[in-house]
Amino acid sequence: MAEPQMPSMKRDWIAAFRALRKLLANGDDTTQVFVIMRSLNGNQGPGHFARLMKTPHGPRLAYDRVELAERFSDPAFLASFAPGTLGAAYRQFLADTGYTAAGLADISDIDGHGAVIRHPYAWFGRRTRDVHDIWHVLTGYKADETMGEAALVAFSFAQTGGLGWAFIGAGAALKSIREVRSTLFAKAVVEGYRNGRRAAWLMGEDYEALLHEPLDLARQRLGIREPVAYRHAQAVLGAELASYASAQKLRAAALA
């Protein structure tokens, strides 16, 4: 069987626009996120990997090349975190949402080959995917909410420079002005970008160690700020408007 190859790094704007349209119509269609990432993020692997090598933990992490989706799916590992730690909060996040690291990995396999590309840049890309839900916990942005996801993708754009993240965040924010008849959602997304710029580079962290840190101290050490505009928008807009993409899906189902 042929070894799976790295996908083309050429940007495909048509595929990205099609995927964004589907994503904004149904915020639960996570597959479209990965279509957009592949279509727009370009050849970031070399730069990100080189930056990782300059961090204190980077050379060891690259040598070990742990697959975090597998590690985060280990029940014994998840059970090992003391109360009050980031890991305990992540464990609760998984219980509350029903999400799993393995499930996200499966959704990201948009080619359906199921095989892992054995290349350091591809490994780094999987690592970026696998810490996404941990970033939800660190930042306080809800995962099962359109605004929370949009704010986190803006945060992720600031952290990674991936154009796909900016495309999703901007699309959700612009559409929100019409959907919620307010700029509060969009301001929360802009705040997410600013907070991502101000925070430490999270991709350089040793996540197996980070998960054992007390959540509040981890946020403080990493410079992750309280999402004030986001909290305000949640309070004013309420759950339905904050999740307008999912609300559209529910309305469509009711009319079917």
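**Close-up views of cavities, pockets and helix contacts**

By the grid rule used here, the count comes to 3 cavities of 30 Å³ or more. The model is a predicted one, in which local features need pLDDT of at least 70 and side-chain atom pairs count only at pLDDT 80 or more, while totals for chains, interfaces and linings use all residues. Residues are numbered from 1 along each chain as its sequence is written, and side-chain values use heavy atoms, with hydrogens and water left out.

**View 1. A look into the largest cavity.** The volume of the largest cavity is about 60 Å³. On a 1 Å grid over the protein atoms alone, a cavity is a set of points where a 1.4 Å probe fits but cannot get out, and lining residues have an atom within 4 Å of a point. Points are joined across faces, edges and corners, and a volume is the space filled by probe spheres set on them. Around the largest cavity you will find L61, D64, R65, V66, L68, W123, R127, D206, Y207 and E208. At least two lining residues come from each of α4 (58-64), α9 (120-130) and α14 (207-210); helices are DSSP runs (H or I, at least four residues), numbered from the N terminus. By class, this lining has 5 nonpolar, no polar and 5 charged residues. Here Ala, Val, Leu, Ile, Met, Phe, Trp, Tyr, Cys and Pro count as nonpolar, Asp, Glu, Lys and Arg as charged, and the others, Gly among them, as polar.

**View 2. The second largest pocket.** A pocket is an open set of points with protein on both sides within 12 Å along at least five of seven lines. The second largest pocket has a volume of about 220 Å³, and its lining includes A89, F93, H136, Y141 and D144. Two or more lining residues come from each of α7 (86-97) and α10 (132-139). Helix α7 gives the largest share, 5 residues. Sorted by class, the lining of this pocket has 5 nonpolar, 4 polar and 3 charged residues.

**View 3. Where α13 meets α16.** Helix α13 (residues 184-198) packs against helix α16 (residues 228-242) at an angle of about 135°, with the axes 9 Å apart. Axes are lines fitted to C-alpha atoms, for helices over the stretch in contact, and angles run from 0 to 180 degrees between N-to-C directions. The two helices α13 and α16 are therefore oblique to each other, as angles under 35 degrees count as roughly parallel, over 145 as roughly antiparallel, 65 to 115 as roughly perpendicular and the rest as oblique.

**View 4. Helix α11 and two neighbours.** Helix α11 (residues 146-160) and helix α12 (residues 163-180) pack at about 150°, with axes 8 Å apart. Their contact involves A150, V153, S156, F157 and T160 of α11, and W165, A166, I168, G169 and A172 of α12. It has 7 nonpolar, 3 polar and no charged residues. The axes of α11 and α16 come within 9 Å and cross at roughly 135°. Helices α11 and α16 are therefore oblique to each other. Here T146, M147 and G148 of α11 meet Y230, A233, Q234, L237 and A242 of α16.

Notes:
Contact means heavy atoms within 4.5 Å.
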